[in-house]
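This report describes selected local features of one protein model. Please read it with the sequence and the structure open.

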Amino acid sequence: MSKVTYFSIDELTAFATKIFAGTGMSEPDAATIARDLVKANLRGIDSHGVSRIPMYVERLQRGLVNPRPEIRVQKVAGAVSLVDGDNGMGFLASHKAIEEAVELAKANGIGLVGVHRSTHFGMGALYALQAIEAGYISMIFTNSSPAIPMWGGRTTFLGASPIAAGIPGGKYAPYVMDMAMTVIARGKIRLAAMKGEAIAEGLALDVDGNPTTDAAKAFEGVCLPFGGVKGSVLATLMDLMSGVLTGANFGGDVKSLYFDHSEPQNVGHLFFAIKPDLFMSLENFDARMDEFYERMKALPKAAGVGEIMMPGEPEQRREDERLRTGIPITENVVADLAKEGERIGVHLPAGRASGEAA
């Protein structure tokens, strides 16, 4: 079992901010990326957390990602805008896009914002949570570099292309959904490969199209869509809506984060924001959300299940726990971060070894 070091949220965020600022990003933008990565770790989505820093930094330093993008917003219809990410970090264009979608929804009831010339935008739940904080329902689509085949194919063509959504709760937990179109998120396979761990059967094929439990071979090969043909169909929808519709790359043209350093990715995203009180008062909507939550909690539980939870509730509980205990980082990721820090001239804090008092 890997050795684990615990870091406080503040020290990990400060370290990540200095790393990104060291690539030429502005201090505010660097801090945004740092907070977003740490937020993923807080929620237990470690595959989308600080372990990605070396990969992001490499792309910034190779000139594949613009460290100081001029993100532009163009109004294209009454409730619709298009964001040009200027090949900057996808986090930045996406925060701007969901902010714009909320502003459009304030005036029109619903807002739709497309994004092109973007890059990987991290954990999709970031933008659902941003909309929830503003009091709005959201849906978030993105495409991504090829990871799964079209149904019946044996080569990668579609991205893992997650879909996310958020619905504000009343007095209880909101609904937060964030899921990739693969049986398991590709980032989790990457993390398993980094740790030298095997993956379960039925998740991926190697480059020759053979089933594999070797995470490294799986990461270089093909991830399998969840639900068979259904996952493939949904991944196709993500590519058409996020790529074809927005003017971004599509149909296998989104460049790999890890293996293709030939040119910028040109990822596409699509953001919907919806006022929750379109059809009734906000008070009535909140009461109905509360009633749904209470009915859900009172449902009979399947064997071995302790509690039925709203989507997003387990991640929120993990965040509450890690706010108290700190964020656990495995030794291989700690080594990568320390190495990256040394290269840029930023010292990684010592953290706290597992078993030491907080």
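## Valine 113

Valine 113 has a relative accessibility of 0% and therefore counts as buried (buried means under 20% relative accessible area, exposed over 50%, and partly exposed in between, with a 1.4 Å probe and protein chains only). Its place is strand E4, which covers residues 110-118. Helices (H or I, at least four residues) and strands (E, at least two) are DSSP runs, numbered from the N terminus.

Leaving out residues up to four places away in sequence, valine 113 touches Ser81, Val83, Ala97, Glu100, Ala101, Leu104, His269, Leu270 and Phe271, where contact means heavy atoms within 4.5 Å. Valine 102 lies eleven residues from valine 113 in sequence, and the two C-alpha atoms are 9.5 Å apart.

## Basis of the model

This is a predicted model, in which local features need pLDDT of at least 70 and side-chain atom pairs count only at pLDDT 80 or more, while totals for chains, interfaces and linings use all residues. Residues are numbered from 1 along each chain as its sequence is written, and side-chain values use heavy atoms, with hydrogens and water left out.

## The largest pocket

The largest pocket holds about 690 Å³ of space. On a 1 Å grid over the protein atoms alone, a pocket is an open set of points with protein on both sides within 12 Å along at least five of seven lines, whereas a cavity is a set where a 1.4 Å probe fits but cannot get out; lining residues have an atom within 4 Å of a point. Grid points are joined across faces, edges and corners, and a volume is the space filled by probe spheres set on the points.

The lining of this pocket has 41 residues, and those nearest its centre are His48, Pro162, Asp178, Ala180 and Ala185. Two or more lining residues come from each of strand E9 (175-179), helix H6 (186-195) and strand E12 (267-274). E9 gives the most, with four residues. By type, the lining has 20 nonpolar, 15 polar and six charged residues (Ala, Val, Leu, Ile, Met, Phe, Trp, Tyr, Cys and Pro count as nonpolar, Asp, Glu, Lys and Arg as charged, and the others, Gly among them, as polar).

## The cavity

The structure holds one cavity of 30 Å³ or more. About 30 Å³ of space lies in the largest cavity. Among the residues that line it are Ser144, Pro146, Phe157, Asp239, Phe250 and Asp253. The lining divides into five nonpolar, five polar and two charged residues.

## A three-stranded sheet

An open, antiparallel sheet is formed by three strands in the order E13-E1-E14; two strands pair if DSSP finds at least two bridges between them. Strand E13 (327-330) and strand E14 (352-353) are the edge strands, each pairing on one side only.

Strand E1 (residues 4-7) runs antiparallel to E13 and is joined to E13 by four bridges. Tyrosine 6 has proline 328 in E13 as its bridge partner. Helix H1 (residues 9-21) lies across E1 and E13, at about 90° to E1 (axes are lines fitted to C-alpha atoms, for helices over the stretch in contact, and angles run from 0 to 180 degrees between N-to-C directions).

## Two residues with positive phi

Aspartate 86 is not a glycine, yet its phi is positive, at about 55°. Aspartate 86 sits in the loop between strand E3 (80-84) and helix H4 (90-108), and counts as buried because its relative accessibility is 15%.

Asparagine 266, also not a glycine, has a positive phi of about 55°. The loop that holds asparagine 266 runs between helix H8 (229-244) and E12. With 15% relative accessibility, asparagine 266 counts as buried.
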